[in-house]
Amino acid sequence: MVKEVKFVEDLDQDDAWLKAHFEDIVNQYEHQVIAILDQKIVAVASSIADLQRILAADYPQRIPLIFEVPSHQEFECLF
Amino acid sequence: MPVLEYDYAVVAGRRSPLIPLGLGHQGKWQRVEAYVDSGAFYSVFKPGFAPPLGLEWQAGERVQVQVGDGRLIPVYLHELDVQVRQYRFSGRIGFSEHLGIRFNLIGRIPLFEQFVICFDDRRGVVSLEPHSEC
């Protein structure tokens, strides 16, 4: 059952920002994990666990958008 | 209920249907991007998203899932809250460290149970329409 509920963060603006800068982000951050908050990259780490530690320390009251950045090749090899 | 539309992510002209969503458990939330995969029965996310939700990811129901190269991988299913824009629902979400790709996959369970989904590759848009009975 789907119900309408306001989420604690804006789910769309950071997604739109990510997609507007997608090619550059893949070029710059491939195989890293990034956190986006208020249309900015606020943390970068080599693993999701490491990124979670940074976010827990620096943004304990917020929920950034987390994205593990694939390489160009990984996009091209999707079937 | 209004239809949701999301632009594809584009790399080197290759379009991929990524959508943002919230994963929740007992009031704790994570915000992630997931690849909408109509060929995936289960949804599979990276285990790193489970601890902040208070989940021990390997404590979930274990199922075996066959992936593209024919291997069977263990996936651990948990009942989670899922938020897509203004819509929230509950469903089974899997975690696995063996998926072999960097994307989280959101598949037929639970997304396609709740929405009619259209992939418009010409426009580069994926749309989600809540089922009318929901």
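Predicted model: local features only at pLDDT ≥ 70, side-chain atom pairs only at ≥ 80, totals over all residues.
**View 1. Where chain A meets chain B.** Here 33 residues of chain A are in contact with 32 residues of chain B. On the chain A side, two or more residues come from each of several elements, including helix H1 (13-20), helix H2 (22-29) and helix H3 (48-58). Strand E4 (65-68) of chain A is one of these elements too. Sorted by class, this side of chain A has 19 nonpolar, three polar and eleven charged residues.

**View 2. Two strands from two chains, side by side.** E4(A) pairs with E5(B) in the parallel sense, over two bridges. Look for A:Ile66, whose bridge partner in E5(B) is B:Val32.

**View 3. A cis peptide bond in chain B.** Find the peptide bond that runs from B:Ile109 to B:Pro110: it is cis, with omega near 5°. B:Pro110 sits in the loop that links strand E10 (105-106) to helix H1 (111-114) of chain B.

**View 4. B:Gln26, a residue with positive phi.** B:Gln26 is not a glycine, yet its phi is positive, at about 50°. You will find B:Gln26 in the loop between strand E4 (18-25) and strand E5 (28-36) of chain B. B:Gln26 counts as exposed because it has 9 C-beta neighbours inside 10 Å, and the cut-off for exposed is 12 or fewer.

**View 5. B:Arg85, a residue with positive phi.** B:Arg85 is also a residue other than glycine, with a positive phi near 50°. Its place is the loop between strand E8 (72-84) and strand E9 (87-95) of chain B. Is B:Arg85 buried or exposed? B:Arg85 is buried, because 20 other C-beta atoms lie within 10 Å, and buried calls for 20 or more.

Note on methods. Residues numbered from 1 in each chain as written. Chains lettered and ligands numbered in written order. Helix = DSSP H or I, 4+ residues; strand = E, 2+ residues; numbered from the N terminus. Contact = placed C-beta atoms within 7 Å. Nonpolar A, V, L, I, M, F, W, Y, C, P; charged D, E, K, R; others polar. Pairing = 2+ DSSP bridges.
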